[in-house]
Amino acid sequence: MAVLLVADPAVCENIPTFRGNAEHTGIYDAAGVPALNGVKWTFKAAGQLIASPTVAGSTVYIGSTAGVFYAVDRESGSAKWKFAVKARVASTAAVANGMVFFGAYDGNFYALDAVSGTLKWKFATEGERRYAASHLHGSQPAKEVMPDPFDCYLSSPVVWNGAVYFGSGDGNVYALDAGSGALKWKFKTGDVVHASPAIADGKVYIGSWDSNFYALDAAMGKEVWRFKTGEDPDIHNQVGIQSSAAVVDGVVYFGCRDAHLYALDAKTGEKKWAYGTKGSWVIASPAVRDGKVFFATSDSGMVYALDARSGDVVFSLNLQRWPSFSSPAIAENTLYEGSDSGHMNAVDLVNRKIAWSFETEAAKKNGAAYTKADGSPNYEAAYDSDFYDDMMAGRKRMMSVGPILSSPVVADKVVYFGGTDGMLYALD
């Protein structure tokens with residue numbers, strides 16, 4: 001323990017996009033908040049905040065489920081402007097060349113002026129939808145096709161070499177001219193694409209709900225290789241890639257609902273290793289630094305650090321079995337991870353323990369009703385039966401706890417994240 005965790009010189013410079021860079025490493029060049037002082041400010045948005053904030057210059061950008069996209073002053077937490085999308089926004093914005101890019105559930109992809117919030121252009125996809133399947137998660141009626149309530153994110157764009165890349169519920173991966181919105185190419189997968197593309201060495205890396213992970217040529221959109229993950233033809237529970245990939249040192253790391261964290265050779269797609277999480281989904285995108293891969297799980301509520309070469313466990317922490325869909329962010333010696341319990345947890349990576357935990361107002365108000373005496377989630381209090389409508393009602397009850405589905409962003413000495421309570425938080 002005498003040698004502290006030092007930032008890897010191979011880590012790419014932060015840019016205002018999901019996971020901090022085009023490679024989606026989740027590493028931030030910032031001091032962060034190793035010891036929590038308090039709340040710098042909060043901003044109340046209409047609806048829920050499922051997308052992650054994007055910090056660019058003096059502004060924090062984020063969209064809400066109420067169909068409003070916001071620009072918020074980074075120092076004061078006051079609104080600079082807002083844009084009425086009129087459709088749910090669960091896509092984390094990318095900011096480049098004076099424009100803000102994001103997708104919405106109306107099937108349109110938007111480009112706004114970053115200063116004024118005026119519309120520069122929008123592109124219509126073939127239509128947005130959630131992943132759907134029969135007998136989903138074992139729900140009844142078994143023959144009914146049901147949209148998945150846990151398919152909560154839209155693909156978040158990345159801008160590279162004059163183009164903006166994203167996936168869509170229509171099953172396509174798109175590349176548009178960033179300046180005009182003109183289609184450069186699209187690539188058809190077999191199902192919904194809500195993972196976010198990572199770009200490295202001229203390739204786009206992205207997973208689909210068709211259970212394939214793809215490497216595409218970024219310039220032309222041609223398939224370079226694909227890798228098949230697990231399937232679940234009965235209840236469609238252990239299938240699909242929601243996790244976005246991280247690409248570091250020629251290896252692609254991503255999670256899957258088949259309960260594995262995968263490491264593939266970036267050039268060939270060959271599997272280097274796969275870590276099994278004993279049935280627990282890996283929705284969160286991994287963070288990679290110092291030869292370690294950090295990620296969180298859903299049902300088991302774990303945070304893992306794996307050896308990046310072998311996939312062996314270096315250490316793990318239990319978040320009392322509360323799922324984490326939020327992706328970890330690392331700055332200096334602290335990892336930040338949001339939880340469905342309505343807590344933002346900070347992990348001291350030197351001492352390998354929780355440094356602090358921040359509880360949202362929704363968690364304070366409603367957490368006790370859906371928490372057992374041992375601190376784990378009380379699903380029995382939320383879910384009445386295995387009928388699909390009861391599953392949806394139970395999901396809504398659990399959402400009242402204020403899960404943090406948004407992934408944290410670290411800039412300077414502040415951690416930013418959104419909550420399903422509609423609050424945008426800045427902690428210092």
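Modeller: Residues are numbered from 1 along each chain as its sequence is written, and side-chain values use heavy atoms, with hydrogens and water left out. In this predicted model, local features need pLDDT of at least 70 and side-chain atom pairs count only at pLDDT 80 or more, while totals for chains, interfaces and linings use all residues.

Colleague: What is the mean pLDDT of the protein?

Modeller: pLDDT is the predictor's confidence in each residue, from 0 to 100. In this protein, 97% of the residues reach 70 or more. The mean pLDDT is 95.

Colleague: How many residues of strand β22 are buried?

Modeller: Strands (E, at least two residues) and helices (H or I, at least four) are DSSP runs, numbered from the N terminus. Buried means under 20% relative accessible area, exposed over 50%, and partly exposed in between (1.4 Å probe, protein chains only). On one side of β22, V251, Y253 and G255 are buried, and on the other V252, F254 and C256 are buried. β22 (residues 251-256) is largely enclosed by the rest of the structure, because its buried residues number six of the six.

Colleague: In β22, which residue is the bridge partner of A246?

Modeller: Two strands pair if DSSP finds at least two bridges between them. Strand β21 (residues 246-248) and β22 run antiparallel, joined by three bridges. Their hairpin has two residues between the strands, and D249 takes a positive phi near 50° there. The partner of A246 is Y253.

Colleague: Which residue in β23 stands opposite V251?

Modeller: β22 also pairs with strand β23 (residues 260-265), antiparallel, over six bridges. Three residues lie between these strands in their hairpin, and A259 in the turn has a positive phi of about 70°. Opposite V251 stands D265.

Colleague: In β32, what is the bridge partner of V347?

Modeller: Strand β31 covers residues 343-348. β31 and β32 pair in the antiparallel sense over six bridges. The partner of V347 is I354.

Colleague: Is A114 buried or exposed?

Modeller: A114 sits in the loop between β9 (108-113) and β10 (119-124). Leaving aside neighbours within four places in sequence, A114 is in contact with Y61, W81, G98, M99 and V100. Its relative accessibility is 10%, so A114 counts as buried.

Colleague: What is the relative accessibility of E332?

Modeller: E332 lies in the loop between β29 (329-331) and β30 (334-338). Phi of E332 is positive, near 50°, in a residue other than glycine. E332 counts as partly exposed because its relative accessibility is 48%.

Colleague: Which residue has a cis peptide bond with Q140?

Modeller: The omega of this bond is about 0°. The residue asked for is in the loop between β11 (132-134) and β12 (145-147). The cis bond joins Q140 to P141.

Colleague: How much space lies in the largest pocket?

Modeller: On a 1 Å grid over the protein atoms alone, a pocket is an open set of points where a 1.4 Å probe fits, with protein on both sides within 12 Å along at least five of seven lines; lining residues have an atom within 4 Å of a point. The largest pocket is lined by 22 residues, and F150, W281, D299, Y379 and Y383 lie nearest its centre. Grid points are joined across faces, edges and corners, and a volume is the space filled by probe spheres set on the points. For the largest pocket this is about 480 Å³.

Colleague: Which residues lie nearest the centre of the second largest pocket?

Modeller: About 330 Å³ of space lies in this pocket. The pocket is lined by 14 residues. Nearest the centre are R88, R130, P149, R395 and M399.

Terms used. Contact means heavy atoms within 4.5 Å.
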